[in-house]
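Visitor: Please show me the structure. I would like to ask how some of its labels are decided.

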Amino acid sequence: DERYMRGARDEDGRDAAPALACSFDGRDLITLLMFEPKGAQALPCTFLFRYIRTLPCNPIHEVMADRNARVKAFYARLWFGDAAAAALADDRPPWEVSDMLQC
């Protein structure tokens, strides 16, 4: 089951791309897509959550595995485009001293 929340309308009065999309796999995984408009497309940033029924007070927890890689890939696509995003999507820490010292 998937739900959408639409953004503002464009200049022609048409519905813009969705701002959010949320889906639940029926077991325990919740997927939240937040869309950022870029030109004629909308780039999704994926966040994953687990619904843990045995924890009644706080049953929803963010899945931290690969979270930073998903966010890094989103911003690489947003700022540099798809081709540059593929090159930047490696597992290096964000700031390498060797990168800053090259002349």
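Visitor: Why does Tyr-75 count as partly exposed?

Guide: This is a predicted model, where local features need pLDDT of at least 70, side-chain atom pairs count only at pLDDT 80 or more, and totals for chains, interfaces and linings use all residues. Residues are numbered from 1 along each chain as its sequence is written, and side-chain values use heavy atoms, with hydrogens and water left out. Buried means under 20% relative accessible area, exposed over 50%, and partly exposed in between (1.4 Å probe, protein chains only). Tyr-75 has 35% relative accessibility, so Tyr-75 counts as partly exposed.

Visitor: What makes Phe-74 buried?

Guide: Its relative accessible area is 7%, so Phe-74 is buried.

Visitor: How many aromatic pairs does a search of the whole structure find?

Guide: The search finds 4 aromatic pairs. Rings of Phe, Tyr and Trp (its six-membered ring) pair if their centres lie within 6.5 Å; planes under 30 degrees apart count as stacked, over 60 as edge-to-face and the rest as tilted.

Visitor: Why is the pair of Phe-24 and Tyr-51 called edge-to-face?

Guide: The ring centres of Phe-24 and Tyr-51 are 6.4 Å apart and the planes stand at 85°, so the pair is edge-to-face.

Visitor: What makes Phe-24 and Tyr-51 partly exposed?

Guide: Phe-24 has 33% relative accessibility, so Phe-24 counts as partly exposed. Tyr-51 has 31%, so Tyr-51 counts as partly exposed.

Visitor: Why is the pair of Phe-74 and Tyr-75 edge-to-face?

Guide: The centres of these two rings are 5.0 Å apart and the planes are at 70°, so this pair is edge-to-face. Phe-74, Tyr-75, Trp-79 and Phe-80 form one aromatic cluster.
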